[in-house]
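I opened my notebook to look up a few things in a structure with you. Here is what I am going through.

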Amino acid sequence: MRSDRSTSAPLPLKIAAGAGLLFLHVPILIIFLYAFTTEEKSYQFPPPGLTLQWFAVTWNRPDVWAALTLSVKVASIATVIALVLGTLTAAAVSQTRFFGREAVSLLVILPIALPGIITGIALRSAFSILDIPFSTWTIVLGHATFCIVVVYNNAVARFRRISGSLVEASMDLGADGFQTFRYVILPNIGTALLAGGMLAFALSFDEVIVTTFTGGQQSTLPIWMLEELIRPRQRPVTNVVAMVVVLVTFLPILAAYYLTRDGDQVAGSGK
Amino acid sequence: MTSATLPASITRRDRGLTGRLSDTLWRHPQLFVAILLIPPLLWLGIIYVGSLFALLAQSFFSIDDFSGLVTYELTLSTYGQLWSDANFDIIVRTVLMAALVTLASAVVAFPIAYYAARYARGRMKAFFYLAVMLPLWSSYLVKVYAWKLILAKEGILTWFVGKLHLTWLLDAWLALPIIGGSSLSVSYTGTFLVFLYVWMPFMILPIQASLERVPGNLIEASADLGATPGQTFRSVIFPLALPGIVAGSIFTFSLTLGDYIIPQIVGSSRLFIGQAVYAQQGTAGNIPLAAAFSVVPIVIMALYLTAAKRMGAFNAL
């Protein structure tokens with residue numbers, strides 16, 4: 001029997017943990033402040049005044065809209081490809097044991113374990129060897145490759161929790177493999193796939209390193225931001241875009257968290 | 001018992017095409033796995049591994065100094081160029097930075113992970129989880145941009161230091177050789193801070209996971225046997241948390257090693273490996289040297305992962 005744990009943390013630990021969290025969050029809050037600044041030329045702090053005019057200016061910028069559209073398009077296609085390939089791999093790796101299983105999971109993780117610049121330059125040199133011109137599809141090709149792992153991780157964790165007896169019961173009751181998939185497996189892995197898909201979308205939406213190699217002259221939203229960072233043209237517009245990007249990426253992360261949080265209550269997990 | 005009392009679905013023979021297909025797959029699990037794996041393996045094998053090998057193969061070619069064209073003869077001379085002073089400096093600088101960022105990340109991340117693992121309960125625990133996940137997943141470029149705002153000469157940090165009447169300290173720091181510079185946003189100190197900020201969240205979750213596996217009664221036993229909290233930390237908690245720290249360090253080290261955007265935006269003009277690869281393949285058009293340069297982080301990470309595996313870091317992931 002364990003004695004009651006002392007409930008309160010020592011003060012130095014509280015301070016260190018709090019300071020660490022502040023370090024993580026203050027820079028993001030600053031982005032929100034700067035979206036309203038009246039200062040155009042420099043990063044002056046504190047802002048001399050606050051205004052909403054830059055939101056209207058940003059709204060009327062066709063280049064921002066074009067970049068946003070391309071980003072959403074690429075992220076959507078890459079997410080769909082990653083969902084299919086990631087789920088297939090997860091199903092194979094978790095449901096059965098086969099020769100080379102470790103190698104398959106290593107292969108899936110590799111695109112994200114190696115620095116992005118290597119993935120990027122490898123794809124670019126392959127495109128130039130094969131004379132493939134840059135297009136939306138070359139960007140999608142790169143993004144889907146490293147998004148597979150996100151879906152795979154979510155799906156594999158959920159597959160492991162589905163009891164094998166559930167599948168056997170379904171078969172015993174006369175369902176064939178496809179019916180079992182449709183009525184037993186899919187409802188159980190659905191939220192994990194949705195969460196994986198959202199994270200994959202967020203990952204692709206934000207990706208910049210691989211895209212600089214596979215995009216050619218096209219600009220996704222992160223590429224647009226990168227150009228503004230290297231050669232600032234209109235800082236207030238960049239500030240507003242930065243704030244919008246933060247808000248847009250927060251939503252899928254929060255949704256993914258709430259979707260996987262209750263994963264312990266998956267049917268058959270209490271075997 | 002006659003067959004008439006059995007459910008129809010068991011005795012029924014004509015189950016249609018899908019039924020027969022499903023039966024075949026159930027009876028031949030190897031075939032089933034093969035069908036599942038063919039699409040992802042084709043994708044990753046052809047697109048990813050294929051490109052990777054195409055790149056690595058090019059590191060064994062060299063570039064003709066006069067024509068600037070690639071000579072397609074196998075040679076190790078491109079790898080030889082990595083050992084020239086300028087290139088070797090780039091490698092040492094990058095590895096040193098990655099090591100410093102990793103150490104600092106462990107120091108900053110540990111208290112957060114420790115509090116979340118041992119003291120946070122219920123809603124507080126969810127809060128801590130989200131407080132780590134949101135910065136981890138929020139846009140990389142926006143985070144870098146935020147630090148440009150903070151570190152700029154007219155930016156927040158200068159203002160804050162001024163309010164604290166510590167401007168002399170900042171100036172003294174910037175006057176230091178190597179780590180200083182004309183302002184924080186063009187110094188190694190700035191690069192280091194941004195790297196630390198961007199990659200540190202990857203350290204928190206593995207440490208937290210390993211700390212959560214330390215049984216509470218182990219710590220009480222240590223205290224009962226007369227250890228001070230400091231001794232308990234050094235000889236009980238820290239060794240058990242080490243695999244988690246090593247697991248986290250895989251991320252911080254690898255991500256710092258390959259990054260070329262942060263040092264380009266916040267930092268001095270001296271190159272890191274990623275920037276060297278980018279410059280060689282872009283403006284210089286020297287694909288063989290770029291390929292050889294990109295082998296360096298692969299080799300370093302392979303060594304690092306082997307060492308990490310020995311320390312049991314993969315069980316903490």
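**Entry 1: ground rules**

I am working with a predicted model, where local features need pLDDT of at least 70, side-chain atom pairs count only at pLDDT 80 or more, and totals for chains, interfaces and linings use all residues. Residues are numbered from 1 along each chain as its sequence is written, while chains are lettered from A and ligands numbered from 1 in the order in which they are written.

**Entry 2: chain B as a whole**

I counted 16 helices and two strands in chain B. Here helices (H or I, at least four residues) and strands (E, at least two) are DSSP runs, numbered from the N terminus. Is chain B compact or spread out? Its radius of gyration is 27 Å, well over the 20 Å that the globule rule gives for 317 residues, so chain B is more spread out than a compact globule. That radius is taken over C-alpha atoms, and the globule rule is 2.2 Å times the number of residues to the power 0.38. Along the principal axes, the C-alpha atoms of chain B fill a box of roughly 95 × 75 × 40 Å.

I also looked at burial: buried residues make up 41% of the 317 residues in chain B. A residue is buried if 20 or more other C-beta atoms lie within 10 Å of its own, exposed if 12 or fewer, and partly exposed in between, with C-beta atoms placed from the backbone. Among contacts in chain B between residues at least 6 apart in sequence, 72% join residues at least 24 apart. Two residues are in contact if their C-beta atoms, placed from the backbone, lie within 7 Å.

**Entry 3: where the chains meet**

**Entry 4: a helix pair across the chains**

Two packed helices are described by the angle between their axes and the distance between the axes. Helix H5 (residues 116-129) of chain A packs with helix H3 (residues 29-58) of chain B at an angle of about 85°, their axes 8 Å apart. That makes H5(A) roughly perpendicular to H3(B). Angles under 35 degrees count as roughly parallel, over 145 as roughly antiparallel, 65 to 115 as roughly perpendicular and the rest as oblique. Axes are lines fitted to C-alpha atoms, for helices over the stretch in contact, and angles run from 0 to 180 degrees between N-to-C directions.

Residues that meet here include A:Ile121 and A:Leu123 in H5(A), and B:Leu52 and B:Leu55 in H3(B). The contact of H5(A) with H3(B) has eight nonpolar, four polar and no charged residues.

**Entry 5: a helix pair inside chain B**

Helix H5 (residues 85-118) and helix H13 (residues 229-258) of chain B have axes that come within 9 Å and cross at roughly 140°. That makes H5(B) oblique to H13(B). Among the residues that meet are B:Met97 and B:Val101 in H5(B), with B:Ile245 and B:Phe253 in H13(B). This contact of H5(B) with H13(B) divides into eight nonpolar, seven polar and no charged residues.

**Entry 6: single residues**

I found B:Tyr114 in helix H5 of chain B. Is B:Tyr114 buried or exposed? B:Tyr114 is buried, because 22 other C-beta atoms lie within 10 Å. Leaving aside neighbours within four places in sequence, B:Tyr114 is in contact with A:Leu13 and B:Leu211.

B:Ile300 is in helix H16 (residues 287-310) of chain B. With 18 other C-beta atoms within 10 Å, B:Ile300 is partly exposed. Not counting residues up to four places away in sequence, B:Ile300 touches B:Val95 and B:Leu257.

Last, I checked a loop: A:Asp131 sits between H5 and H6 of chain A. A:Asp131 has a positive phi of about 55° although it is not a glycine. A:Asp131 counts as exposed, with 6 C-beta neighbours inside 10 Å.

Definitions and conventions
Ala, Val, Leu, Ile, Met, Phe, Trp, Tyr, Cys and Pro count as nonpolar, Asp, Glu, Lys and Arg as charged, and the others, Gly among them, as polar.
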